[in-house]
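Trainee: I would like to learn how to read strand order and helix packing in a model. Could we work through one case together?

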Amino acid sequence: MNFLSIIETIGNSYLKSREIYNIIGIVLGILTIYKSVYYAIGFLFTRKFKPATNKHKYAILIAARNEKFVIGNLLDSIKKQDYPSDLLTTFVVADNCTDNTAEIARKHGAICYERFDNEHKTKGFAMQYLLEQIEKDYGRMSFEGYFIFDADNLLNQNFITKMNDAFDSGEKIITSYRNTKNFDENWIASTYALHWIRSIRCNHRARSVLRLATNIQGTGFLFASEIVKNGWKYTSLTEDRALTADAVAQGYQITYQDEAEFFDEQPTSLRVALRQRLRWSKGHLLAFAESGPSLFLNIFFGKLFVKEKWNNDKKAKKQKTLKDFLLSILESIRHRFASFDTLMQLTPIVVINLVRWILVSVIIYACFSSVYGLENVSIITGNTWFAKALVLLFGKKRLTLSPGITAFFVSALLAILARFIYRIGTYLAKCWVAVYLFIVEGHRIKKISFWKKCLYTLTWPTFDIIGRYTIYAALFVKVTWKPIPHNSQITIDDIDKSKKDN
């Protein structure tokens with residue numbers, strides 16, 4: 001079979017391939033349409049917790065690498081908590097530090113362990129080491145729960161009290177409201193800040209109301225000591241995604257406490273942001289590969305194939321009442337849907353869409369055009385408002401070409417142009433998300449000028465643009481963990497003063 005015959009064979013498969021392309025798109029749309037319900041719930045509701053009747057004993061874990069500029073401010077904000085200090089023990093692992101992070105941590109009252117290991121550099125390995133030292137010196141189970149923070153974080157005075165309310169209600173894994181201390185430093189920091197708030201409004205609030213499992217996002221969360229009874233196992237590039245997936249597979253809820261607010265520092269350098277986002281994307285793919293199969297099985301079989309990794313104090317017992325039986329059914333449904341929801345989070349849908357677009361819309365369609373030519377084909381296509389605006393501006397330009405190599409390349413270029421116009425249109429449409437967030441969360445966002453809000457609204461969609469293309473790159477690029485520099489001198493007192501001034 002010669003080259004032309006191959007082109008003709010591929011081209012003749014276009015109509016069937018297009019049907020399959022559309023079916024896949026419909027299936028993916030159906031599988032993710034439930035998220036629109038999350039948006040509605042997140043707009044109206046979040047879960048509330050009653051004041052705790054018990055004060056629990058916690059350890060605070062901080063992994064720090066060359067964090068001399070910020071670690072002291074975090075520890076000071078921990079000291080200012082309105083929670084009994086005798087029930088809190090702060091541990092810092094100074095991980096491969098070349099500065100005086102360890103000295104500062106000890107000066108501010110933390111128990112600090114120093115770790116030097118150039119081969120195992122991720123935050124997960126640092127946490128593993130820290131919990132090993134705690135086991136030796138204190139016993140991991142001597143604490144009822146563990147908080148994890150990054151060295152650049154700052155805590156509201158009532159943060160631990162509010163998290164304790166959720167923990168005392170029986171929740172085992174709890175995340176919190178992630179705010180940004182350098183929101184207005186530049187447009188890059190603002191994209192991160194808006195992303196965290198979007199996660200709260202579009203994911204955390206609804207999942208907590210529905211008693212599902214939201215996703216842990218690196219820092220500012222609390223988990224029961226039973227999670228680390230046998231040590232810390234999550235040492236990949238994104239330990240938070242791995243812990244989330246594993247917890248959901250085990251049947252745990254991951255809830256959200258809206259009243260517990262902390263602040264962190266976001267990157268301001270595009271180079272640093274790209275490096276971080278590439279690591280996140282690689283970790284996302286690894287978490288999908290590692291936990292995807294288990295989550296998929298859970299959807300259909302519940303915990304039948306799940307190996308219990310943690311002792312969650314659920315003693316096996318026979319169902320004695322109809323109520324017990326009905327509750328077990330509801331829990332099974334909850335667990336299966338939470339597994340499905342988490343699997344949808346981890347599934348790299350953007351990669352699936354890219355592959356089907358390249359195969360069908362570019363390659364197969366180009367072969368089809370080379371065989372049958374192009375007849376009265378629109379140059380500008382699409383249903384976004386941006387595409388429609390271009391049509392109004394330039395008119396309905398059409399093109400006709402005879403079969404051949406020219407038609408092959410022109411059709412491929414038209415497909416790329418259509419994709420570009422579609423992406424620009426969808427990304428610009430996302431500017432309205434920033435407007436929505438500025439309105440509904442304006443009371444918690446740092447006060448900034450109207451013009452900065454306009455700028456950040458226009459630049460906000462770049463967060464998703466970067467995320468899309470870093471996940472493409474992560475398929476082929478080897479990624480290693482590198483620290484993110486933190487230099488902000490903002491303290492929790494500065495934030496409190498700013499709130500009062502507002």
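Mentor: Let us start with a helix on the sheet: helix α8 (residues 187-209) lies across β6 (173-180) and β8 (255-264), and runs at about 165 degrees to β8. Helices (H or I, at least four residues) and strands (E, at least two) are DSSP runs, numbered from the N terminus. Axes are lines fitted to C-alpha atoms, for helices over the stretch in contact, with angles from 0 to 180 degrees between N-to-C directions, and contact means heavy atoms within 4.5 Å. This is a predicted model, in which local features need pLDDT of at least 70 and side-chain atom pairs count only at pLDDT 80 or more, while totals for chains, interfaces and linings use all residues. Residues are numbered from 1 along each chain as its sequence is written, and side-chain values use heavy atoms, leaving out hydrogens and water.

Trainee: In what order do the eight strands of the open sheet lie?

Mentor: Strands of a sheet pair through backbone hydrogen bonds, either parallel or antiparallel. Here the order is β3-β2-β1-β4-β7-β6-β8-β5, with mixed pairing (two strands pair if DSSP finds at least two bridges between them). The edge strands, each pairing on one side only, are β3 (111-115) and β5 (154-155). Five bridges join β2 (residues 88-95) to β3, and these two run parallel.

Trainee: At what angle do helix α12 and helix α14 pack?

Mentor: Two packed helices are described by the angle between their axes and the distance between the axes. Helix α12 (residues 349-372) and helix α14 (residues 405-429) pack at about 150 degrees, with axes 7 Å apart. They are therefore roughly antiparallel to each other (angles under 35 degrees count as roughly parallel, over 145 as roughly antiparallel, 65 to 115 as roughly perpendicular and the rest as oblique).
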